Amino acid sequence: MTSSPLALYLMLALVLFCIGMYGALMKRNTVIVLISIELMLNAANLNFIAFSKYGPNPSLFGQVFSLFSITIAAAEAAVGLAILMAIYRQRKSVHIDDYDSLKH
Amino acid sequence: MQVAWIIPLFPFVSFILLLLLGKRLKEKSGMVASLLVSLSVLASFFVFYERGSGDTFVREVSWFSIGEVDISVGYQITALNALMLVIVSVISLFVHLYSTAYMKGNERFSIYFAYLGLFTFAMTSLVMTTNILQLYVFWELVGLGSFLLIGFYFEREKAKAAAKKAFIMTRIGDVGLFVAIVLIYLHVGSFSFHELFQRVENGTLSSSVVTTIALLIFVGAIGKSGQFPLHTWLPDAMEGPTPVSALIHAATMVAAGVYLVAYVYPLFLASETALTVVASVGAFTAIFAATIATAQNDIKRILAYSTISQLGFMMLALGTAGYVAAIFHLTTHAFFKALLFLAAGSVIHIVHTQNIFQMGGVKDVRWTSATFVIGALSLSGIPLFSGFFSKEEIFLSVWESGHYTLFWIAMITAMLTSFYMFRLVFLVFPGEKKDREIRYVESPAMMKWTLGIVAAASILVGFIGHFLSDWLESDFTSAFTHAEGPWWMPVVSTVFSVAGILIAYQLYRPSKAPKESSTNRLLERGYYLDEAYNRTIVAFVKGIAKITSVIDRYVIGGLVATIAQSVVWLGKRGAYAQTGKTQHYGAVAFFGLTILLVIYVWMGGYW
Amino acid sequence: MNGEIIAFSILAFVAIIGALFMIQLRKVVHMVVALVFTFLSLAGLYVLLSAEFAAAVQVLIYSGAITIMMLFGIMLTRHGDEEKKGSRKKSVAIFLFLIAFAFSFYIGISQLDFGQQETTLHVDNTKEIGILLYSHYIIPFELTSVVLLVALVGAILLAKKEEEE
């Protein structure tokens with residue numbers, strides 16, 4: 001391969017991110033949307049760790065940061081699902097188009 | 001004379017005071033106002049006396065300057081001014097006193113006196129000015145005072161209309177005055193009268209300029225003094241309270257026009273054309289108004305047309321170089337016309353109507369009748385009454401100037417004058433009461449007293465003729481000749497006046513019934529001049545107003561409405577973007593980000 | 001052709017396939033399973049990048065805890081099968097914009113190369129990370145724990161059943 005390892009990792013992350021973005025914007029089921037968001041966060045983590053090894057100043061900082069990122073992602077997923085539960089109890093549906101009471 | 005500026009100050013204070021405290025003072029407003037005006041009267045006499053023993057006094061301060069132009073304000077006391085101050089303040093005082101009784105019980109009692117104060121302030125300031133711009137300011141202010149007072153009974157449509165008419169018509173005249181002011185400034189470089197007169201004397205102004213300015217100033221005077229053709233507002237102005245008519249439309253404001261012409265007399269003396277125009281307009285107006293007066297039924301309207309006619313006499317005098325005669329007549333007219341109006345007010349108060357054909361037998365009310373008849377005799381020019389002396393002077397000056405046609409017109413007018421006045425007298429005073437029910441009760445004491453004093457004054461003022469010419473001459477470098485006229489003149493004029501009385505007696509004797517005729521109708525409607533104005537000028541202006549109103553409502557209003565509507569439309573359309581769906585919002589955010597990124601990449605950095 | 005590149009290719013391939021299947025599959029549970037594959041292969045990639053601790057954490061948290069959470073979410077909510085109801089226009093637009101997005105990034109990163117350096121990241125990886133966490137990054141560490149606490153309490157509160165009167 002002519003591309004450097006760094007470029008390869010970054011492109012992989014890009015692909016994963018785009019797939020995740022597609023899912024987040026297109027899917028009807030709210031749970032799937034949440035899952036797609038997790039995928040996007042993963043792609044970002046991969047970026048960090050790739051830079052920590054192959055970037056201009058290799059250090060452990062990228063990895064540490066990705067740890068924090070994972071933690072926060074977990075917290076966010078938990079809260080997101082809790083909210084989903086609460087809404088589900090109200091509307092009996094996980095179809096994301098049903099959550100539009102803020103429309104004009 | 002240094003403190004002459006306080007003369008207008010007292011009525012001004014009265015105005016402000018009554019505006020602020022009027023509600024609380026109520027009935028005392030009249031006394032407060034009268035007190036302040038009497039202080040003004042004292043000051044005027046004092047100034048008069050000082051001027052008599054001294055010279056013309058001038059005082060000016062710089063008001064503001066724009067670039068190289070310096071506008072100043074100030075006052076001066078010439079012989080003419082001193083006299084006018086006395087006349088204005090004295091008559092104003094009597095009107096104040098009379099009004100305390102006449103307007104008693106009116107809800108807006110204090111406002112009335114406030115307006116009187118405003119008017120007096122404006123009038124006294126007007127007669128003291130040093131430059132024509134300042135005069136214009138007070139000219140307009142006087143017009144405002146007149147407007148407010150004519151429309152005092154504003155609940156009545158007629159009063160409102162009359163006030164508007166007065167203001168608008170005098171405004172038309174004021175345009176002429178304004179153009180004159182502009183011309184003066186252009187040619188003289190200053191507004192000051194002093195400079196103007198110097199330039200005229202030096203002959204540095206071309207005669208056409210002088211004539212134009214003089215004529216334009218006269219246009220302003222036509223408006224204010226009710227000369228033909230701007231006279232129709234005066235009869236309508238009788239909608240105001242009667243004391244107002246006495247003050248404004250007999251003695252002071254309408255005299256302002258005459259005063260103005262007299263004040264800039266050097267200008268007129270330098271232009272033969274202007275003098276001729278003034279004299280002709282004056283004479284025409286005099287006879288014109290006198291004919292109309294013979295057919296009027298309303299006591300106040302008769303007096304109004306009489307005022308127009310007498311002002312025409314004054315203009316005639318001025319136009320024939322009879323400066324002293326004109327001022328003399330102005331003085332006597334001020335007193336006996338005020339007397340007539342006040343007495344008419346008393347008559348109306350007694351009889352409760354203004355139609356002379358519904359009156360009769362008022363002679364039993366002795367005091368009012370006596371004072372009214374004194375005024376009538378004065379106006380008719382019966383010997384020994386003041387009108388006789390001043391009219392004599394006018395006839396003399398016209399004769400001396402050689403305008404014989406104008407002379408005979410004046411004589412005929414004098415006959416008409418006594419005719420219509422005594423028509424009024426014979427219909428109102430002798431004979432039987434037309435309406436049996438009404439009891440005639442003499443007017444309140446205050447009214448009686450003021451009537452008495454004004455009557456006495458109006459008789460006395462007739463004898464100041466000689467002194468007046470000496471007095472006024474101290475203003476001018478060149479003396480006026482006061483030649484004695486032909487011996488037959490007083491006789492002829494008396495004959496004409498008495499003839500008028502006799503004719504009136506024949507036609508309107510108590511036992512005779514008055515007759516109607518078609519000429520009567522023509523005269524009564526003032527030669528249908530009002531109707532003519534209505535059909536032409538008023539209709540034209542209304543047409544323009546309608547067009548502009550349509551433009552305003554549909555074009556401009558439409559434009560504004562369209563803009564507003566389009567904004568609303570835009571907002572409504574934009575509201576559709578708020579779907580409430582998260583994915584839409586997210587998608588839009590993503591799109592924006594992508595666009596920014598693409599631009600970034602394309603431009604190789606931020607642009 | 002060294003092993004690193006082979007390993008990378010295989011792991012990358014699995015990751016992408018997992019993600020794609022996640023998008024395409026019909027049943028939700030199947031989607032989650034595909035996602036797990038992606039998470040696991042990402043952990044493998046982390047190992048390749050000398051981040052063993054991160055790999056372990058990834059396996060534990062993501063493919064462990066988060067996946068279970070998602071499954072709970074799916075179980076507790078009823079859904080009809082995935083209906084593909086999105087509008088044509090919208091998916092095309094999103095697709096296009098994604099292409100543009102990806103392309104612009106690609107331009108940026110395709111030639112990125114900082115040169116290979118010898119790193120000591122793999123030496124005592126866990127220990128070093130631990131030292132860093134407790135010295136340099138102690139404050140974010142503590143704050144993260146606060147965040148977790150808050151998230152915990154919040155999630156409980158939000159998901160609690162309303163009490164019947």
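1. Start with chains A and C: 57 residues of chain A are in contact with 70 residues of chain C, contact being C-beta atoms, placed from the backbone, within 7 Å. Keep in mind that this is a predicted model, where local features need pLDDT of at least 70 and side-chain atom pairs count only at pLDDT 80 or more, while totals for chains, interfaces and linings use all residues. Residues are numbered from 1 along each chain as its sequence is written, and chains are lettered from A in the order in which they are written, with ligands numbered from 1 likewise.

2. On the chain A side of that contact with chain C, helices H1 (5–26), H2 (30–54) and H3 (61–91) each give two or more residues. Helices here are DSSP runs of H or I, at least four residues, numbered from the N terminus. H3(A) gives the largest share, 20 residues. By class, this side has 45 nonpolar, nine polar and three charged residues; Ala, Val, Leu, Ile, Met, Phe, Trp, Tyr, Cys and Pro count as nonpolar, Asp, Glu, Lys and Arg as charged, and the others, Gly among them, as polar.

3. Now for chains A and B: eleven residues of chain A meet ten residues of chain B. The chain A side has six nonpolar, two polar and three charged residues.

4. Within chain B, helices H17 (386–401) and H18 (404–428) pack at about 160 degrees, axes 9 Å apart. Axes are lines fitted to C-alpha atoms over the stretch in contact, and angles run from 0 to 180 degrees between N-to-C directions. H17(B) and H18(B) are therefore roughly antiparallel (over 145 degrees). Among the residues making the contact are B:Phe395 and B:Trp399 of H17(B) and B:Phe407 of H18(B).

Methods: Contact = placed C-beta atoms within 7 Å. Parallel < 35°, antiparallel > 145°, perpendicular 65-115°, else oblique.
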